[in-house]
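The tour below goes from one selection to the next.

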Amino acid sequence: MIIDAHCHAGTGEGLSHPSNTDADLSRYARRARAAGIDRTIVFATLTTDDYRSGNAQVGAIVRRDPARYIGFVFVNPAYDRGRVGTIVDEAIRGWGCRGIKVHWTNGRITREVLEIARVRRLPVLYDPRGDISTVELILGSYPQVPIIIPHLGSFAGDWGSQVAIIDKLRRHPNLFVDSSGVQYFDLLVDVVRRGGPDRLIFGTDGPFLHPAVELAKIRELRLPPEQFALVTSQTILRLLPPPAVPRGAVSPGAFRTSGGTAGTLSRRSGPRGVKSRPFSPSSPH
């Protein structure tokens, strides 16, 4: 199984950039199937304030095809202040949300978001746009929460920020990075060499980037089959909670995936004798 762990979906109101205007999955779905991608994690297009419409669109996609799509709820740490828990709980009950997405355009991630992620045992996909100091603080303050940093920390190709993120992999077992949009190929090599293949998660930033092109970068790492499986499915599956049963949806048994006990990631030793520390989130109670 190959899972794309980073894809936008639905329309937005921005009309200033593809990422906030239209994330149509029709071409993406054809390209992903042709590339051999089996499942995709989807979340809304960007907006400056309220993600209700975008999350509703994602929920409809997930409910319509739960065997293909896994949904993350998008929250705005500023606009949604004081009601993040309600938004996340409604997404869990309504369409089986299995993670939280936060983007730098809406402000820095907050304790409110991280506390909800800790209590609900959800991974957080946080794009910091190179704000590595904030990433350092949240990793140490919330070691129970899996933090996935897309683009190695900067879609803009900020090499310095990306190197700084890689340097943190040894110290923070709750830190994971995704491969979407990474321009400097050797940095992906360094993630595997220095952090281990179980710290790199395959993502495409679809539908804006071509899934086959993004997957080709992972294939060019020439990993052994068991390490390739970690990057393309096993690690992200272990970070996700078990699929809930959305109201009116099919039984989770119809689309449950394998990959270990949710909420516990048993870390393997990294390559070349680099040992990894086990990441095991604490009980939410």
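Is T45 buried or exposed? T45 counts as buried because its relative accessibility is 3%, where buried means under 20% relative accessible area, exposed means over 50%, and partly exposed lies in between (1.4 Å probe, protein chains only).

Before going further, note that this is a predicted model, in which local features need pLDDT of at least 70, side-chain atom pairs count only at pLDDT 80 or more, and totals for chains, interfaces and linings use all residues. Residues are numbered from 1 along each chain as its sequence is written, and side-chain values use heavy atoms, with hydrogens and water left out.

**Stop 1: around T45**

Keep T45 selected and display the loop between β3 (39-44) and α2 (52-64), where T45 sits. Helices (H or I, at least four residues) and strands (E, at least two) are DSSP runs numbered from the N terminus. Contact here means heavy atoms within 4.5 Å.

**Stop 2: the whole protein**

The protein has 9 helices and 10 strands, and 58% of its 285 residues are buried. Of the contacts with a separation of 6 or more, 72% join residues 24 or more positions apart. The accessible surface is about 11800 Å², and carbon and sulfur atoms hold 52% of that surface. Accessible areas come from the Shrake-Rupley method with a 1.4 Å probe; for residues, only the protein chains shown count as cover.

**Stop 3: salt bridges**

Side chains of opposite charge can pair when their charged atoms come close. How many salt bridges does a search of the whole structure find? The search gives 11, a salt bridge being a side-chain nitrogen of Lys or Arg within 4 Å of a carboxyl oxygen of Asp or Glu.

Select D50 and R52. Their side chains meet in a salt bridge at 2.6 Å, N to O. D50 counts as buried because its relative accessibility is 19%, whereas R52, at 59%, counts as exposed.

Next, select helix α4 (residues 111-120), which holds both E115 and R118, 3 residues apart, or about one turn of the helix. E115 and R118 form a salt bridge, with 2.9 Å between the closest N and O atoms. E115 is partly exposed at 30% relative accessibility, and R118 is partly exposed at 22%.

Then select E220 and R222, a salt bridge with its closest N and O atoms 3.1 Å apart. E220 is partly exposed at 45%, while R222 is exposed at 62%. Finish this stop with E136, K168 and R171, which are linked in a network of salt bridges.

**Stop 4: R83**

Which residues does R83 touch, not counting those up to four places away in sequence? They are D50 and E112. R83 lies in the loop between β5 (73-74) and α3 (84-95) and counts as partly exposed at 28% relative accessibility. R83 and E112 are 29 residues apart in sequence, with their C-alpha atoms 8.9 Å apart.

**Stop 5: backbone geometry**

Most residues other than glycine have a negative phi, and most peptide bonds are trans. Select L15, in the loop between β1 (3-11) and β2 (22-23). L15 is not a glycine, yet its phi is positive, about 55°. L15 is exposed, with a relative accessible area of 68%.

Move to L152, in the loop between β8 (147-149) and α6 (159-167). L152 also has a positive phi of about 55° without being a glycine, but L152 is buried, with a relative accessible area of 0%.

Last, select G206 and P207. The peptide bond from G206 to P207 is cis, with omega near -5°. P207 is placed in the loop between β10 (200-201) and α8 (211-219).
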